[in-house]
Amino acid sequence: MADLSLIRNFSIVAHIDHGKSTLADRILEHTGVISQREMRAQFLDDMDLEREMGITIKANRATCPYTHDGREYMLNLIDTPGHVDFHYEVSRSLAACEGVLVLVDATQGVQAQTVANTYLAVEADLEIILVINKIDLPAARPEDIALEVEQVLGLDASEAVFTSAKTGAGIDELLAAVVERIPPPAGDPSGKLRALIYDAKPDPHRGVISHTRVFDGGFRRGDSVELVGVGRQFLITEVGKFTPKLGAVESLGAGEVGYFFAGIKTLADVNIGDTVTLAADPTDNPFPGYHPPQQMVFCDFYPGIGTSTEALREAMEKLWLNDSSFTYSTVGSDALGIGFRCGFLGLLHMKIIQERLERENAVSVVQTAPTVTYEIELTTGEVKRIESPSELPDASTMNEIREPFVKVQMIIPADCVGTVMQLAMDRRGKQKKTEYLSTTRVMLTYEMPLCEIIYDFFDKLKTCTRGYGTADYELIGYVVGDMVRMDVLVNGLPVDALSVIVHRDKAAVRGRKLITRLKKEISRHMFEIPLQAAIGSKIIARETIRAFRKDVTAKCYGGDITRKRKLLEKQKEGKRRMKTVGNVAIPQEAFMSILNPDD
Amino acid sequence: MTQIARSTEARGPDFGLYVHIPFCHTKCGYCDFYSVALKDRDTGPLVRSVQRELETRLGRGSFKIRTVFFGGGTPTILPAEQLESVLASVTDSVSPDDLVEFTVEANPATVDDEKTHTLVRGGVTRVSMGAQSFWPEELATLERLHSPEDIAPSVSTLRTGGVDQINLDLIFGIPGQTLATWTASLERAIALEPNHLACYGLTFEPQTPLTAQRNAGRIVPCDENLEADMYLATVEHLASHGYEQYETSSFARPGCRCQHNVLYWRNGPYIGVGPSAAGCFDGRRYKNVADVAGYVRSMQDAGHAEAQVETVTIPMLITEMVMMQLRLVEGLDRADFVRRCQIDPLVQFGDVLERLVAIDKVAVTDDFIKLTPSGRLVADAVIGELTSASPTVERLS
């Protein structure tokens, strides 16, 4: 049984690109668990996508032996997702630790996600070690940045550890600090088994691998365990530690971190955050109940060109087995056919799921504009949640509509404050706080409707801060809003896929924008096409696509027939991918580009 | 002149024969037909290959050839003896009783008394002349070699020599052209009293120098509204001078329609001879090798020069019939469509047709489905709609 005083469990949290993965690599290398030669660059991020997007999507791990002052310690590095979309996953990973390294780039300083992640660590009551990284860069200002962190986050600058994960500088000091400052795990090695599942992943051959941290007691292969939240029993078939590869061991004891297999077939059978205990002798003190992932952002996925609805469905099923934190259900649109309404933890999550669908399953996905959940209070007093404009009941049957609000924290250059405040105001933001991190950088805190930021807010923020601004958000609740459904009519007929729920004050602007885009996407027809945006029967914006006057092939003789026929056949093929609304052919791609928030 | 004796009893449908002579003095910027600049080229091998193909295709005399059309290129730039020889090859294999029309394309300044004599002696009854415009600037934009002054003498030479059927090709929608210059060209053409006029809206064909110039921004295409006005003016103007419009771009004095082209527009059977020429009959279409050298080699080595062959299925034929027959003012022949496509066009085009009728682009009579005057301006869009229609019932067989 391991000596608890020789165990340290910790995570690294950081803003994107502040060097988390490189630091993890260096720690593995310095503790000798993996040689430089074996080291694939950034070993821990094992999915392509993670590397490309510069973020860690699923928690990763390693148990590293480390000798300090003549004693051999076991350092358990628990990697965490790097974005607050994965708030719950981050909080579960942190729950498995006693300490956390808050990593800050010595050239960039505190960023929005540094703040968000640090707050999570504080909430989890963890020992925090401030690490100022990338000190090798010419533009590095380690001391200034440490002071900035102290001012913003209240972490003692004099205790900061300075590293370069790239060159290895400061890694020994960091490991020493981990041993000296992070407390060893508390827990009763001889008590009833109480272990936390902080992550789970499908394994191609053996069902699900559960990542676990033992708090009290211990377990071994052959034990019969109960997952308290699920209420089901499983037989442990393998226990092991991450070396970082899977390394089977006899048992895991209190304070230790590792994994187990137990004949759990799919991710649906295991909940992250659940308690593992011995079936024969269960704990009286399980961890607080499982918190199901909360989807905040919704959009529809439709099969793109060359992909069938069935192929997309299969791909979604497969991906869901790998990440059950998104939801999907079949949805039918008059304009776009059969697709899937999906719910995501946040915008980044949405983007990742779409990319993984396409990349891992070779399907093409067309995505509609993201929307949020609205709370509707009916005149009957009943409260229900809706996720799509078509579900919005008639105004006469509603008392009120409530929309989700988020707290947004933005860290921006001081000279951009005016523009960013204007941007936030345009998005119905309410300013809560302005804090100067230094003479040149400011943290703005706003409360804003979620629907205003999922559209293109973060892109706009980047633009008006020359790329320096960062932002993070968290849900704070639902607030009554004057929301209406805006319909779009093409040649007098409503197009369901283009309906949106908007704030009444914003409807005219959104309506004009949408219709201007639509006008660009629909080619001229042989008749005039009115485009209108309407709230109920009231037209709030209008455009007309004028008819073309002349469209006729001047000559067509015997030698031209095949070529001209093929053009018509191609045109017919193209029309198949169009939706005809009110005699107007609208290309499917046009729907997407109209709905796409990126342009 | 020897002619193959043949019985005139049931030898199947009326055929057209197209012969492609791919030589021009220079290639015009807008032209996308296969042709090569003549320069000092020896046209003999090509002419001999064409004659060989004529023999091969027509030798057994099994086709009732009603119309012959020599196109190009500019067939009249062939040396007189070659022209004579190739015309003879045609008349040798076609029964004079069958033949109702024999057209040769010509350009102004490529016909003189001797050439005209050769043509007439060779059986030619009709000459189609690429006049295009009576304004030097417009001809320059089109990269045409002739000048406006060449047109009238050429017409006169032909007429004196005995060619009584004359067509003039004119182009509108030329960059820089105005409604006034266009109607002036029309007037000058009418004054020459051709019995047929073909007025084409300038088309920017892919991969032509003209299109490249447009894409590079060196020339600005004619405004769509102006072009539409020119077209409407043409129809009206020619009607008032006794030229009846019978096809999108074709106008004729009574009885003077181009039978060969009408055959194309009725999806009739035709035989094509020469480089890049296409032929289609019995549900089979072929297209010959386009380049002169390749054509000559193929004829020598393989005895034919077919580069592409396709079987015209019923769905293909449906598209082709709509695409060709709606060009005719008379319209799509409903009975012919039922017979050949084995489906009632009203069923085939269903809702789409009804919608087009409702917006006054198409009219349906007992015998025809045709474009209305406003539909004719947007014929491509109408044809695109109809050919994209999917019938709601299955074809019977």
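B:Gln132 is found in strand S6 of chain B, which spans residues 126–132, and in this predicted model its phi is near 70°, a positive value in a residue other than glycine. With a relative accessibility of 6%, B:Gln132 counts as buried, because the limit for that class is under 20% relative accessible area. A positive phi, about 60°, also belongs to B:Glu143, again not a glycine; B:Glu143 lies in the loop between helix H4 (136–141) and helix H5 (151–161) of chain B, and with a relative accessible area of 33% B:Glu143 is partly exposed.

The backbone also holds cis peptide bonds. One of them joins B:Gly72 and B:Gly73, with omega about 20°, and B:Gly73 sits in the loop that runs between strand S4 (64–72) and helix H2 (80–93) of chain B. In chain A, the peptide bond from A:Thr243 to A:Pro244 is cis, with omega near 0°, and A:Pro244 lies in the loop between strand S12 (238–242) and strand S13 (246–249) of that chain.

Further along chain B, three strands form an open sheet in the order S15-S17-S16, with antiparallel pairing. Its edge strands, each pairing on one side only, are S15 (332–333) and S16 (362–364). S15 of chain B and strand S17 (residues 368–371) are joined in the antiparallel sense over two bridges, and B:Leu332 has B:Ile369 of S17 as its bridge partner.

Definitions and conventions:
Residues are numbered from 1 along each chain as its sequence is written. Chains are lettered from A and ligands numbered from 1 in the order in which they are written. This is a predicted model: local features need pLDDT of at least 70, side-chain atom pairs count only at pLDDT 80 or more; totals for chains, interfaces and linings use all residues. Side-chain values use heavy atoms; hydrogens and water are left out. Two strands pair if DSSP finds at least two bridges between them. Helices (H or I, at least four residues) and strands (E, at least two) are DSSP runs, numbered from the N terminus. Buried means under 20% relative accessible area, exposed over 50%, partly exposed in between (1.4 Å probe, protein chains only).
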